[in-house]
Amino acid sequence: VVDQLVDRTHGRADTFHVAQATGDTLVVRSSPQESADEIRTLTAAEEVSGQVVGLVSQELGDWVAIYLPAGPPGTVGWVERDAVTLSRHRYRIEIARTAHTLTVFNGSTAALTAPVAIGPDAPAPGARLFVKDLLATPDPAGPYGSYAYGLSGSFNDFAAFTRGQGVVALHGTNDPATLGFDVDHGAVPLAPTALASLVDTVGLPLGTPVEVTD
């Protein structure tokens with residue numbers, strides 16, 4: 001069932017649905033019923049952005065199945081519809097590791113294509129994640145640029161990010177000469193101008209699916 005949900009949500013769908021918790025916590029259950037086991041409680045305090053966001057995989061009556069923002073990629077759980085607000089968008093991202101490129105699609109249209117570097121914390125080929133938060137870095141002139149988009153599939157920690165310790169993110173770089181190559185730190189660096197375009201021009205929404213190819 002999970003594989004079917006992954007294919008449905010991360011395929012070439014025209015529209016993606018996003019669930020955002022209305023409160024500071026969001027109870028996740030193993031099936032769409034109140035008596036189901038609680039598999040996790042997501043909290044806003046654990047997210048860098050202060051928001052709990054999940055990519056929707058299925059809706060069933062008063063329940064919504066979401067891909068969770070942290071933990072093993074592809075983990076799905078059920079939340080009550082009344083506990084979230086739902087939105088939708090048409091953006092998705094493809095990262096080609098060998099070609100060292102990132103392409104943002106709006107529907108079938110490529111809204112932005114940019115060279116990237118591939119660091120040791122970059123997602124592996126075949127990974128299907130989503131953008132779970134956006135943060136402004138404390139030092140725009142530093143190694144991670146002005147902004148970073150945190151990706152699902154890891155327990156993001158801002159202090160760890162600033163130390164370059166294992167946080168999965170799309171982020172800037174202060175060394176554009178490394179773009180198009182593998183690098184020894186970070187995840188997926190891209191040019192500050194491209195990152196600024198994603199933030200200020202494209203307005204990339206949280207819950208944007210990210211697919212990584214070889």
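**Reading a predicted chain: fold, salt bridges and surface charge**

User: What does the secondary structure of the chain come to?

Analyst: The chain has three helices and 15 strands. This is a predicted model, and every value discussed below is computed from it.

User: What percentage of the contacts joins residues 24 or more positions apart?

Analyst: One takes the contacts with a separation of 6 or more and asks which part of them joins residues 24 or more positions apart. Here that part is 59%.

User: How many salt bridges does a search of the whole structure find?

Analyst: The search requires a side-chain nitrogen of Lys or Arg within 4 Å of a carboxyl oxygen of Asp or Glu. Four salt bridges are found in the whole structure. One of them joins K132 and E47, whose closest N and O atoms are 3.2 Å apart.

User: Which parts of the chain does the pair of K132 and E47 tie together?

Analyst: K132 belongs to strand 11 (residues 128–136), while E47 sits in the loop between strand 3 (38–43) and strand 4 (53–60), so the bridge ties together parts that are 85 residues apart in sequence.

User: Are K132 and E47 buried or exposed?

Analyst: K132 has a relative accessibility of 1% and therefore counts as buried. E47, at 9%, also counts as buried.

User: Which parts does the salt bridge between R81 and E59 connect?

Analyst: The side chains of R81 and E59 meet with an N to O distance of 2.9 Å. R81 is in the loop between strand 6 (76–80) and strand 7 (84–89) and E59 is in strand 4, so this pair ties together parts that are 22 residues apart in sequence. R81 is partly exposed, with a relative accessible area of 27%, and E59 is partly exposed at 33%.

User: What is the N to O distance in the salt bridge of E94 and R92?

Analyst: The side chains of E94 and R92 meet at 2.6 Å, N to O. E94 is partly exposed, with a relative accessible area of 23%, whereas R92 is buried at 10%.

User: Where does D184 lie, and how far is D184 from D121 in space?

Analyst: D184 is located in the loop between strand 13 (169–171) and strand 14 (188–189). The residue is exposed, with a relative accessible area of 68%. D184 and D121 are 63 residues apart in sequence, and their C-alpha atoms are 9.2 Å apart in space.

User: What is the phi value of H100, and where does H100 lie?

Analyst: Here the backbone angle is read alongside the type of residue. H100 has a phi near 55°, a positive value in a residue other than glycine. H100 occupies the loop between strand 8 (91–96) and strand 9 (101–106). H100 is buried, its relative accessible area being 10%.

Terms used:
Residues numbered from 1 in each chain as written. Predicted model: local features only at pLDDT ≥ 70, side-chain atom pairs only at ≥ 80, totals over all residues. Heavy atoms only, no water. Helix = DSSP H or I, 4+ residues; strand = E, 2+ residues; numbered from the N terminus. Contact = heavy atoms within 4.5 Å. Buried < 20%, exposed > 50% of the residue type's maximum accessible area, 1.4 Å probe, protein only.
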